[in-house]
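This report describes a predicted model.

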Amino acid sequence: GFCSLFGAFAPPRGPLGQPFLGISVGKQTWVLALATQRTEQLEKVEKATEIHYWGHYPVADLEYETSAPVSVGLRAWSPFIPGDVVVSNTPGAVFEVRLRNTTQSRQQGSLTFSFPGPTQAEAQISPTSPRQRVRYNYSIALEPEAEGALVAHRQSVRGNLSGVSVSSERGAGYTLAVIGNERIRTGAHLGSQGIIWAVSPDSEFRQPAENDFGTSLAVDFDLGAREARTVRYVLSWFAPLWKGEGTHCYTHMYSTRCPNSLAVAQLLARDHASLLGRILNWQQAIYTYEKLPVWLREALVNNLSMITEDGLWAAAKPPI
């Protein structure tokens, strides 16, 4: 539940405690999260009864158990390929959602992805701004004390991607889109209020305020009996600076290659199949190496997550 995408590292933003994926079929909505203290406000919606998880870094495979007539599986991954530092420094992730109609009748509904985006304090990180006095709220994250709220600039994305790109005037932002020319609906971040998630497929989402950086993106589906389809969301982020000690702001290396989050999203949309294939190939070389015990093979794959959890790659710009 922690988030360091937009420059919050010490401490990291979070835990967010908010669901990000939900499915509606007919007039019923299932939020794909377990019933915990952090989701107790999810009234008027159903929740997952179990989530099965297998992590093989940088891939997370999840299977959701719900009472919905359409079952849901998720493969989420971000590019990480040992030996290819450029590809592994791509600021984005792909969420492959597998929808399966488990009944003998037609099922219509919508799949919704909700993302909070950067906080106002994260959106305001700039090497030219005065030193910010920032207070940390463990559950809500960074909140600025003095500076005025920035406007979230929104750009509709169409073509090989269908979605929205959101950015601040200081460069921080993200793109949330579906691969393919899909019919979509967008709105404000849905948060953890069940009554907001419980939107029927033919309803309009509430729209975000001008200083709200969050977004929700829904894709409608129509599945025949026993039919399945895969919806691929792309989430890319772009925060060229992160706040260091004192007044120092450091520059992410990826910003020297990527002009914005939309360019990253387009790259992932174009190359997602080959990138995932490369990831699974290096993992398969380890998992099938029978001279090593199973526990060691598992560790050799998943211990690599510490590189991206604890490492930062800075460009040679001031103060370096």
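## Pairing of S5 and S6

Ala60 stands opposite Ala76, a residue of strand S6. The two strands concerned, S5 (residues 59–65) and S6 (residues 70–77), run antiparallel and are joined by 6 bridges.

## The sheet as a whole

Strands S5 and S6 belong to an open sheet of 8 strands, in which the pairing is antiparallel. Read across the sheet, the order is S4-S5-S6-S7-S16-S13-S12-S11. Strand S4 (50–56) and strand S11 (153–157) form the edges, each pairing on one side only. From one strand to the next, the twist averages 15°.

## Helix packing

Helix H3 (residues 261–287) packs on this sheet. Its contacts include S4, S5 and S6, together with strand S7 (92–101) and strand S16 (228–238). Helix H3 also touches S11, strand S12 (161–167) and strand S13 (173–179). The direction of helix H3 makes about 110° with that of S16.

The largest cavity holds about 50 Å³ of space.

Which residues line the largest cavity? The lining consists of Glu122, Ala123, Ile125, Arg170, Ala172, Ala239, Pro240 and Leu241. By class, 6 of the lining residues are nonpolar and 2 are charged, with no polar residues.

Conventions: Residues are numbered from 1 along each chain as its sequence is written. This is a predicted model: local features need pLDDT of at least 70, side-chain atom pairs count only at pLDDT 80 or more; totals for chains, interfaces and linings use all residues. Side-chain values use heavy atoms; hydrogens and water are left out. Two strands pair if DSSP finds at least two bridges between them. Helices (H or I, at least four residues) and strands (E, at least two) are DSSP runs, numbered from the N terminus. Axes are lines fitted to C-alpha atoms, for helices over the stretch in contact, and angles run from 0 to 180 degrees between N-to-C directions. Contact means heavy atoms within 4.5 Å. On a 1 Å grid over the protein atoms alone, a cavity is a set of points where a 1.4 Å probe fits but cannot get out, and a pocket is an open set with protein on both sides within 12 Å along at least five of seven lines; lining residues have an atom within 4 Å of a point. Grid points are joined across faces, edges and corners, and a volume is the space filled by probe spheres set on the points. Ala, Val, Leu, Ile, Met, Phe, Trp, Tyr, Cys and Pro count as nonpolar, Asp, Glu, Lys and Arg as charged, and the others, Gly among them, as polar.
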